[in-house]
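The sequence and structure come first, and the notes follow by topic.

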Amino acid sequence: MMLKGFGKASLLFGTALFAAAAIARGTTPALVDGRDWYSFGGTDAGEHYSPLDQINAGNVGKLGLAWSYDIDAFDAYTAPLEVNGTLYFAAGLSVMHALDARTGKLLWQYDPKVEDQPESKTRMRAGWGIRGIAYRDGKVFTATRDGRLLAIDARNGKLLWSVQTLDEAQEAYITGPPFVAGDKVVIGFGGSDYTPQRGYVTAYDMNTGKKAWRFHVVPGDPAKGFENKAMEAAAKTWTGEWWKFGGGGAVYQAMAYDAKYDRLYIGTGNGFPWNQKIRSPGGGDNLYLGSIVALDAKTGDYVWHYQTNPENSWDFNNAMDIELTDMVIDGQKKSVLLHAPKNGFYYVIDRETGKLLSAEKFAKVNWADRIDMATGRPVMNPESLYPNGKPFVLYPFPNGAHGVQAMAHSPKSGLTYIPVMEGGRVYVDPAGLDTWQPKAGMFVNTGLGAPPASIKVPPATSKLVAWNPATQKQAWSIPQPGVFNGGVLATGGNLIFQGLNTGDFAAYAADTGMKLWSFDAQDGILSAPISYSVGGRQYVTVIASFRSSYATSPNWDYRQQKRRVLTFMIGGTRKLPAFHPVEEPIQDDPAFTVEPAKAAIGAGIYNTSCVICHGVGMMAGGAAPDLRKSPIPLDAAAFAAVVHDGGLMARGMPGFGQFTPEELEGLRNYIRQRARETMPKK
């Protein structure tokens, strides 16, 4: 690895050396000395790495809380930025905040009023909050669930321009961060699990909001012609009438800008539906699903691609971090792209050519034996495609061996630090495979059948893994609680920071994984921490907020969570107020008679429309209220006002206007049924 000599220098010397190295790697020359954290991954290189070493393995035990800020939002699953002493983040329905980074004082707030947009009633069904924002040249950029990209004046919170980006994707939504590429700001969207969509990314002039270019991920209807040669080539890898299903490929998270080559790398999504036998029944690679695609940042023209998952009959996608660095390979310095997506393989790719340099498993994987280095293609396990109606327990599960929680790469240690999950899921064709049609109205549509009750999958586990991309081997690993833990920050002080689902915010030694420090955040943490320097003092900031489709232990109740910005410094002495969560009782009305036929209707709706937020088995994991404990389902009128009419859209609850009175009553019956089944025995 390059940059081996970067040691415990002074703050000034260390940041200057990092700036020179970052520029050499192709990162934008501005804002790269470590004082500011201006992009989702820190810099354009996206490594989630800070060179600052004022806080280090020798003194991290003296780290304390400098200040905290309580967030008034139903969701704060987001990574903040810091530039010139101001901390920026968006929470809830993309409400932008600016705080004084030294004190936590609110400077301004901008609310885009997502709940007032007609499209939001449907687009909120995606279930996840905004994950990040972007900054450049005095502007803060954020996207909204309803599809707008906004530029906001970083000084005062005034809206500079707004553009609707989902003009070709009427039922898509946005939860990912924008990315700045030169003088463009680029945004994708999500939706490849929900409704027929054709994925694309769009670039806009950073100063005016004028559309510069658009790149589609998958080809459209051949009868209408192709936008470019890339789409014409991709169409040869599809079969059937895929365009009727949209095809998928939504770019809902990862991108990276490479100033060295003036390229944008995008991580493309899974197919719609997941099951290729439906969307492309004659097989084929289905380009450019499950790929890293390099685009010319000025024009949006295709440059190269590397597909991690040809065919892709699962939920595997490449929305995970795309991180840029330099490595010495076979005695030659290479500009490389590092990527550890859902599928469980760690990839090192030549940024200039798109050639695969190495790939190895970093987690439990059974869908493929290895990656063939001669072809760059996976050597797949035929059973993983669940042929002839035969179920298959696939590893990794749809959440991925590495999900959207950020990994970090340290150019100082040469290691990548990955929050790893290991879990399996049963894949099987649905009944009526040949006649399958998606359910309209933005519901989860996988193209899969119900898993046989006889197949039991062990509980998923998690760990933090330090991975050496030069040797493609694990350097160290430590077990972690539960399944979903927070994103990772690496620093020049030989430290790794990460929040856990237990509420611990922890620091580990980057070289050994030894736990050196922790703080009780009073809430689970999913967001990645950041580090920056103001007035010569280094700070570490993380946002505490937790959501999951699964109940955790401790379980962070949606209503009682203490969602906060937490900022730390050496010698910090602030304390959080005492937090005493209350166990809320399961509600019931003895006069309510559960009718099994109605409850069965409700179960079908719940497990396709409600489960992502309100929890598997109706055991909420912090993303939404526990319906068993809510009084609203006990009142038919109140329930209809919320679920059908969207009465709580301002708090993130979408409206399901297509539900019939019979379906609403079915849901009420199923909620009561589950409440009684799970009520503690007297």
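Ala, Val, Leu, Ile, Met, Phe, Trp, Tyr, Cys and Pro count as nonpolar, Asp, Glu, Lys and Arg as charged, and the others, Gly among them, as polar. By these classes, the lining of the largest cavity has 16 nonpolar, six polar and three charged residues. The model is predicted.

**Cavities**

- The count of cavities of 30 Å³ or more comes to seven.
- The volume of the largest cavity is about 190 Å³. Its lining is made up of 25 residues, and those closest to the centre are Ser39, Phe40, Gly41, Phe179 and Met255.
- Strand S7 (134–136), strand S11 (179–181) and strand S16 (255–258) are the elements that give two or more residues to the lining of the largest cavity.
- The second largest cavity holds about 100 Å³ of space. Residues that line this cavity include Phe40, Tyr77, Arg131, Gln253, Val404, Leu526 and Ser527.
- By class, the lining of the second largest cavity has seven nonpolar residues, four polar and one charged.
- Phe40 belongs to the lining of the second largest cavity, and Phe40 is also among the residues closest to the centre of the largest cavity.

**Second largest pocket**

- The second largest pocket contains about 620 Å³ of space. Its lining has 41 residues, of which His614, Ala624, Pro625, Met653 and Pro654 are the closest to the centre.
- At least two lining residues come from each of helix H5 (596–614), helix H6 (636–643) and helix H7 (661–678). The most come from H5, which gives eight.
- In the lining of this pocket, 28 residues are nonpolar, seven are polar and six are charged.

**Helix H6**

- Which residues of H6 are buried? They are Phe639, Val642 and Val643.
- Viewed down the axis of H6, these buried residues fall within an arc of 85°, so they line one face of the helix.
- An α-helix has 3.6 residues a turn, so residues three or four places apart point the same way.
- H7 is included in what covers the buried residues of H6.
- At the start of H6, the backbone nitrogen of Ala637 has a side-chain oxygen of Asp635 within 3.1 Å.

**Ser335 in strand S22**

- Ser335 is part of strand S22, which spans residues 332–339.
- Is Ser335 buried or exposed? Its relative accessible area is 6%, and because buried means under 20%, Ser335 is buried.
- The side chain of Ser335 makes a polar contact of 2.6 Å with the side chain of Lys260. Another polar contact, of 3.3 Å, joins the side chains of Ser335 and Asp326.
- With neighbours within four places in sequence left aside, the contacts of Ser335 include Tyr261, Thr325, Ile349, Asp350, Arg351 and Glu352.

**Ile187 in strand S12**

- Strand S12 (residues 184–187) contains Ile187.
- Ile187 has a relative accessible area of 2% and is therefore buried.
- Gly176 is eleven residues from Ile187 along the chain, and the C-alpha atoms of the two are separated by 8.1 Å.
- Not counting residues up to four places away in sequence, Ile187 touches Gly176, Pro177, Pro178 and Met255, among others.
- Met255 is also one of the residues closest to the centre of the largest cavity.
- Further residues in contact with Ile187 include Ala143, Leu149, Thr165, Ile174, Tyr200, Val201, Thr202 and Tyr204.

Key: Residues numbered from 1 in each chain as written. Predicted model: local features only at pLDDT ≥ 70, side-chain atom pairs only at ≥ 80, totals over all residues. Heavy atoms only, no water. Helix = DSSP H or I, 4+ residues; strand = E, 2+ residues; numbered from the N terminus. Buried < 20%, exposed > 50% of the residue type's maximum accessible area, 1.4 Å probe, protein only. Polar contact = N/O pair within 3.5 Å; in protein donor to acceptor, adjacent residues only side chain to side chain. Contact = heavy atoms within 4.5 Å. 1 Å grid on protein atoms, 1.4 Å probe; cavity = no way out; pocket = protein on both sides within 12 Å on 5 of 7 lines; lining within 4 Å. Points joined across faces, edges and corners; volume = space filled by probe spheres on them. Arc of directions from axis to C-beta.
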